[in-house]
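I opened a new notebook page for this structure.

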Amino acid sequence: MMEMLRAIYIIWYRELLRFVRERSRMFSALAMPLLFLVIFGAGFKNLVGNLAGGVDFVTFMYPGIVAMSVLMTAFMSGMSIVWDREFGFLREVLVAPIPRMGVALGKTLGGATVAMLQGCLLLFLAPVVGVALTPIKVALLLPMLLVVALAIASLGVLIASRMRSMQAFQFLMTLVFFPMTFLSGVFFPVTNLPPWLMLVVRVNPVTYGVDAIRQLFLQGMTLPAVNPSLGINPTLGALGASPGKDAPYALAVTLFGHPMTMLQDMGVVALFGAVVLSLAVWSFNRQD
Amino acid sequence: MKAVEVKELTKRYGTLEAVKGISLSVEKGEIFGLLGPNGAGKTTTINILCTLQKATSGEAWVNGFPVARQRDEVRRSIGLVFQDPSLDDYLTAYENMSFHAWCYGVPGGVRRERIRMLLEMVQLWERRNDQVKTFSGGMKRRLEIARGLLHYPAVLFLDEPTLGLDPQTRRRIWEYIMELREQEGLTIVMTTHYMDEAEPCHRIAVIDEGRIVALDSPEGLKRRLGGDVVILETDDNQGVALELERRYSLAAELRDGSLRFTVDRGSQFIPELMRSLGQGIRSINLRRPTLDDVFLSLTGHDIRDEKPDSRAEIRAHFRQRGGPRR
């Protein structure tokens, strides 16, 4: 047990050290979501107008961008095992007398921690996009980001433990990471989509993570009764928004007609994370 | 107890048989060489001994522990210097050493002192706080050797330890290793395909195509050749070869336009040769046998004839499905 904790700690610590050292990775994981926020925010704001519950589009998108930044860093950190393998460092780790399980767990935990910190960097933007942050919100946000990051970092570790070269990396980003991110409601509300898309969105575990984070951000931003016919984009907004209802709930994911609460959302993510993490540890253990 | 014991080891990758039944044992304090071209199965054998790969069949013990069953005990007993660098480029030299010390549970008090001693030994103490990515190839290799010795291993595995290093660095690294062997009674198992690098070994196993084709001291291996190596260039190689066979019962081999054979007391043989076959001879080269000659005579091909090694073959196979590297 002590051995295990030691292994987790060592690997986790190295991830943090690398995060501090490797500034370029930090910036790229920050730049892309920011770019999306600025470009999509400015581009779609006038087109879309306010969303259900009177939420401004940029305000709506901001929590999604925080989530995306976390997702991206977590996934990349998990996948960095492929780099470790390519540059040989993985052998140093695999041949050390430390349990493999500890290595996989440390890698996941380290990646998740780094991703959470990365997400926190974006919190400084909150006032700019009109989101009021309270200490309680931030205190709740950190564990949420960590759980989401753990799930996605596990996914990265799982994939990387089976990958023997960096070639497949671009392919996996395009085929796994981007669909998971884009179809999770990062950029658009998942309330009024065509049925086939709705299905994909509901199956995607990331959706629930993004939803929970957004609910937390927008909580308490109750707006006066809004008449759907006035000022709200008829295609994107307003569905199921009853006057006076809390804004986030108007945009929340529904499962079997039931709008998910934050806790339920996190339950889904945690469950997904637990399954993937177990698979990742198992898979990492099995490799030569 | 032997430092390393290997019995009937085999390793298959699909249909490719990289190691075809290797048996050997290494005494404590011995410097043991695995010599062979790329793809002969040296690295695979080392990887199995280091618990990095599982054998298809056969058994192996390192420092008395079976590699298949007591992996952690084996791992604690060995130091490794890999063929390719295995350092974290983004960490400093000191952090790489610390990471290793933590992994192997080197206690805190000893740790700092030991890291300092080793970094000083490989002349990297001044650079300890620089990221490894700023290091040259030779510095990285020296750091790896220091790291491999950090946890007092009983057996040090050196996989092509000085591959791609300049001669000066190679010599210095060997000095360190020899010094440590004397100080700590370390056993050293190394692979190489540089013949001169294998010279300091007590014993050498010559490996070709997954099998041990000879196992002896460097001197013993050279003695097997029976004398000195003569390389002849003549106008009529075929004819001279026949004459050598007929008159002296010497089996000469034709390679790259010259005849090559070994003979006892070569310096006395040459005047005799000049008297009998002097006419068409363009040049004569006489030398003491080297391990290169040994390898050639044992396997029928030159050690530098490049064949893709099994791992590289597999890697290439995966790469084809990807596209250009990075």
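**Confidence.** I noted that this is a predicted model. I looked up the overall scores and found ipTM 0.80 and pTM 0.78. Then I turned to chain B. Its average pLDDT is 83, and 91% of its residues score at least 70.

Where in chain B is confidence lowest, and where highest? I found the lowest in helix H12 (residues 310-320) of chain B, at a mean of 49. The highest is in helix H3 (residues 93-103) of chain B, at 94. I also marked residues 316-326 of chain B, where pLDDT stays under 50. The model has twelve contacts beyond four places in sequence for that stretch.

**H2 and H3 of chain A.** I took helix H2 (residues 23-48) of chain A and helix H3 (residues 57-86) of chain A. They pack at about 155 degrees, with axes 9 Å apart. The cut-off for roughly antiparallel is over 145 degrees, so H2(A) and H3(A) count as roughly antiparallel. Their crossing is right-handed. I sorted the contact residues into 17 nonpolar, six polar and two charged.

**H9 and H11 of chain A.** Next came helix H9 (residues 205-218) of chain A against helix H11 (residues 262-286) of chain A. The angle is about 145 degrees and the axes lie 8 Å apart. I recorded a left-handed crossing for H9(A) and H11(A). On the H9(A) side the contact includes Pro205(A), Tyr208(A) and Leu216(A). On the H11(A) side I listed, among them, Met262(A), Val269(A) and Phe272(A). The residues of this contact divide into nine nonpolar, two polar and two charged.

Methods
Residues numbered from 1 in each chain as written. Chains lettered and ligands numbered in written order. Predicted model: local features only at pLDDT ≥ 70, side-chain atom pairs only at ≥ 80, totals over all residues. Heavy atoms only, no water. pLDDT = per-residue confidence, 0-100. Helix = DSSP H or I, 4+ residues; strand = E, 2+ residues; numbered from the N terminus. Contact = heavy atoms within 4.5 Å. Axes fitted to C-alpha atoms, helices over the stretch in contact; angles between N-to-C directions. Left-handed = near helix turned anticlockwise from the far one by under 90°. Nonpolar A, V, L, I, M, F, W, Y, C, P; charged D, E, K, R; others polar. Parallel < 35°, antiparallel > 145°, perpendicular 65-115°, else oblique.
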